[in-house]
Amino acid sequence: MPTLLIRRRRPIGEPARPEGTTGAGRLAQALLDLGVAIDDVRQAVIDPDGPLEQLAGAVPGDRFDVVVLGSHLVNNPDDDRRRAFLGLAVSHLADGGRLLIEHHPVDWAETAEPTPTTPGVDPGATLGMVDVVRTPPYVSAVSVYDEGGGIVRQPFTARVLSEAELDAALERVGLTRRARLGPTWLEAGR
């Protein structure tokens, strides 16, 4: 059965492309690095700031053995949005399926620092993070993307969840943690 990948439209650092694969490739590679291969990926690209009512129609009605909730959507500072994103993922999870969740490291509210530009996904592109403000449990910053001289600045605020808060968020949508896959990924199921 195919994998459903739910991610934000224009993830931080991703250049604007209609239905581009840059975000999907980044997430698939991160999971592969953890020993989790996903294939036959179908994407649901959502606007994390859009009306929550539109989430129900963001994904076809199929159920998937593997659902990936990427782009740090679980770190949304709004509890209702966080629950809606997790609920969207759960609504497409087949019985016995795996939900893979990308999140910020649990110590990030204390450790987040500006990052220098690094090579991006396209030749000549760079990515960095500036103007970092830590007010635990929140981190606000600006992601900077430079593609051939075209600078994109994306301000964001994330709520860094503790292990207990991640587990509680899962419980609210009927899930339990199955495994920690790495410092920024965990697996959950029913």
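Trp108 has a relative accessibility of 12%, so it counts as buried; buried here means under 20% relative accessible area, exposed means over 50%, and partly exposed is in between, with a 1.4 Å probe and protein chains only. Before I go on, a word on the source: this is a predicted model, where local features need pLDDT of at least 70 and side-chain atom pairs count only at pLDDT 80 or more, while totals for chains, interfaces and linings use all residues. Residues are numbered from 1 along each chain as its sequence is written, and side-chain values use heavy atoms, with hydrogens and water left out.

Back to Trp108. What does Trp108 form with Phe156? The two make a stacked aromatic pair, 6.5 Å centre to centre, with 5° between the planes. The criterion is that rings of Phe, Tyr and Trp, the last by its six-membered ring, have centres within 6.5 Å; planes under 30 degrees apart are stacked, over 60 edge-to-face, and the rest tilted. Trp108 belongs to helix α3, residues 108-111, and Phe156 to strand β8, residues 150-159, so the pair ties together parts 48 residues apart in sequence. Phe156, at 15% relative accessibility, counts as buried too. The structure holds one aromatic pair. There is also a charge over a ring: the charged end of Arg159 sits over the ring of Tyr138, 5.9 Å from its centre. For that, NZ of Lys or CZ of Arg must be within 6 Å of the ring centre and within 35 degrees of the ring normal.

Now the overall layout. The protein has four helices and ten strands. These are DSSP runs numbered from the N terminus: helices are H or I with at least four residues, strands are E with at least two. Along the sequence the pattern reads β-α-β-β-α-β-α-β-β-β-β-α-β-β. Of the 190 residues, 44% are buried. Among contacts with a separation of 6 or more, 61% are between residues 24 or more positions apart; a contact is heavy atoms within 4.5 Å.

Next, the sheet. Six strands form an open sheet with mixed pairing, in the order β2-β1-β3-β4-β10-β9. Which strands stand at the edges? They are β2, residues 41-46, and β9, residues 176-182; each has a single partner strand, so one side of each is left without a neighbour in the sheet. Neighbouring strands are turned by 20° against each other on average, direction ignored. Two strands pair if DSSP finds at least two bridges between them.

Taking the pairs in turn, β1 and β2 run parallel over six bridges, and Arg8 stands opposite Ile46 in β2. With β3, β1 pairs in the parallel sense over four bridges; there, Leu4 has Val67 as its bridge partner. Five of the six residues of β1 are buried, so β1 is largely enclosed by the rest of the structure. Strand β3, residues 64-69, and strand β4, residues 93-102, are parallel over five bridges. One partner pair there is Leu69 with Ile101 of β4.

Two helices pack on this sheet. Helix α2, residues 79-91, touches β1, β2, β3 and β4, and its direction makes about 145° with that of β4. Helix α4, residues 163-172, touches β4, β9 and β10, and its direction makes about 135° with that of β9. Axes are lines fitted to C-alpha atoms, for helices over the stretch in contact, and angles run from 0 to 180 degrees between N-to-C directions.

Staying with α4: which of its residues are buried? Leu166, Ala169 and Leu170 are. They cover an arc of only 100° around the axis, which puts them on the same side of α4; the arc is that of the directions from the helix axis to the C-beta atoms. Ala164 and Glu171, on the other side, are exposed. The cover over the buried residues includes α2, β4, β9 and β10. Just after α4, Gly174 takes a positive phi of about 80°.

Last, backbone exceptions. Most residues other than glycine have a negative phi, and most peptide bonds are trans. Ser71 has a positive phi of about 60°; Ser71 lies in the loop between β3 and α2 and is buried at 4% relative accessibility. Asp131, in strand β6, has a phi near 55° and is partly exposed, at 47%. Finally, the peptide bond from Pro136 to Pro137 is cis, with omega near 10°, and Pro137 is in the loop between β6 and β7.
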